[in-house]
Amino acid sequence: MKNFLRQNGILLLVIALLLSVLIGIVSLVMGGSADPLSNIVNTVTSPVRGGIAAAADWVESVYAYVFRYGELQDELNDLRTQVGRLQEEVRQGEEAVRENEQLRELLEFQTRRRELTTEPAKVTARSTSNWESTLTLSKGTTSDIQAGDCVITQTGALVGVVSEVGVNWSTVSTIINTDTEMGGIVTRTYSAGVLEGDFSLMNQGRLKLNYLPEEAQLVSGDEVLTSGRGEVFPAGLLVGKVEGVFTDPSGQTRYAVVEPAVALDNLIEVFVIKDFEITE
């Protein structure tokens, strides 16, 4: 290398001088434009700088999205909380409306039936057996409830009869249970019979009005009330409507299938008739 520089030093110096002059002339001619070397460097590095800038922009956008996503998630959680609160307010409002409607209907019924003394009670349980239909109430002997008391809704529809009583609870045998037996009467024709539970009908949510007179001309939709016969149960309590009239297998008697006026599965609160006046 030393020999090469010693032998060609003057030549290299001349070449370097010529290159300097050439670069100066080019710069002068281009009038302030980038020199070729800078141009080459910029050309090579420009895509790299563009990629770095694009990557920086992408990172910034991702960060902004993540930050905004957190804000949106917080807003969504707040909205869910507000919706839950509003739904609860709606439920409370609906419950208040239901209770007001129930009280209004009860007041109207009590105005019509002043001879009845009632005790409100909550339905706390229902029978799940296919062999019986009963309800458990939240009141018992401490509220002066006794076996044999009738249970009604706020509109006076018959639910059933108290069959067993504890200190703070009681069991109601519903009107479709197989042990139901009380006098019934059809309001349109005044045809009287005996309201009875029937096993096959109980599973259909129905009961019988049995021992109808031969001349009784009943039609579907006829209203059936308690007759009060025997003075054990109050008269005039709504039982339901006639669904159809049939003759028993022996061919001796006719009976009507009655659809109860009360939806037993939807009961929340009922009223126990603790006392009533017998009216002639």
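Student: Which residues lie nearest the centre of the largest pocket?

Tutor: This is a predicted model, in which local features need pLDDT of at least 70, side-chain atom pairs count only at pLDDT 80 or more, and totals for chains, interfaces and linings use all residues. Residues are numbered from 1 along each chain as its sequence is written, and side-chain values use heavy atoms, with hydrogens and water left out. A pocket is an open set of points on a 1 Å grid over the protein atoms alone, with protein on both sides within 12 Å along at least five of seven lines, and a lining residue has an atom within 4 Å of a point. The lining here has 21 residues, and those nearest the centre are Ser133, Ile176, Met202, Leu264 and Asp265.

Student: How much space lies in the largest pocket?

Tutor: A volume is the space filled by probe spheres set on the grid points, which are joined across faces, edges and corners. For the largest pocket, this space comes to about 360 Å³.

Student: How many residues of the pocket lining are charged?

Tutor: Asp, Glu, Lys and Arg count as charged; Ala, Val, Leu, Ile, Met, Phe, Trp, Tyr, Cys and Pro count as nonpolar; the others, Gly among them, count as polar. The lining of the largest pocket holds 7 nonpolar and 9 polar residues, and the number of charged residues is 5.

Student: Which strands each supply at least two residues of that lining?

Tutor: Strands (E, at least two residues) and helices (H or I, at least four) are DSSP runs, numbered from the N terminus. The chain comes to 3 helices and 12 strands. Those that each give at least two residues to the lining are strand E2 (134-137) and strand E11 (254-260).

Student: In what order do the strands of the closed barrel run?

Tutor: Two strands pair if DSSP finds at least two bridges between them. E1 (residues 116-126) and E2, for instance, are antiparallel partners over 3 bridges, and within this pair Ala125 is bridged to Thr136 of E2. The closed barrel has 6 strands with antiparallel pairing, in the order E1-E2-E5-E4-E3-E12.

Student: By how many degrees are neighbouring strands of this sheet turned against each other on average?

Tutor: The axes are lines fitted to C-alpha atoms, and angles run from 0 to 180 degrees between N-to-C directions. For neighbouring strands of this sheet, with direction ignored, the average is 45 degrees.

Student: Is Thr171 buried or exposed?

Tutor: Thr171 is in strand E5. Apart from neighbours within four places in sequence, Thr171 is in contact (heavy atoms within 4.5 Å) with residues including Thr134, Leu135 and Val161. Buried means under 20% relative accessible area, exposed over 50% and partly exposed in between, with a 1.4 Å probe and protein chains only. Because its relative accessibility is 15%, Thr171 counts as buried.

Student: How far apart in space are Ile175 and Gly197, C-alpha to C-alpha?

Tutor: Ile175 belongs to the loop between strand E5 (170-174) and E6, and Ile175 is buried because its relative accessible area is 1%. Residues up to four places away in sequence aside, Ile175 touches Leu158, Val159, Gly160, Thr180, Leu207, Val239 and Pro260. Gly197 is 22 residues from Ile175 in sequence, and the distance in space is 6.9 Å.

Student: What distance separates the C-alpha atoms of Gly156 and Val262?

Tutor: Gly156 sits in the loop between strand E3 (150-152) and strand E4 (158-165), and Gly156 counts as buried, at 3% relative accessibility. Gly156 and Val262 are 106 residues apart along the chain, and their C-alpha atoms are separated by 9.6 Å.

Student: How many residues of E8 are buried?

Tutor: E8 pairs with E7 in the antiparallel sense over 3 bridges, with Leu195 opposite Leu209 of E8. E8 and E11 also run antiparallel, joined by 4 bridges, among whose residues Lys208 has Val257 of E11 as bridge partner. E8 is mostly covered, and of its 6 residues the number buried is 5.

Student: What is the relative accessible area of Tyr190?

Tutor: Tyr190 lies in the loop between strand E6 (181-186) and strand E7 (192-196). The phi of Tyr190 is near 60 degrees, a positive value in a residue other than glycine. Tyr190 is exposed, with a relative accessible area of 64%.

Terms used
1 Å grid on protein atoms, 1.4 Å probe; cavity = no way out; pocket = protein on both sides within 12 Å on 5 of 7 lines; lining within 4 Å.
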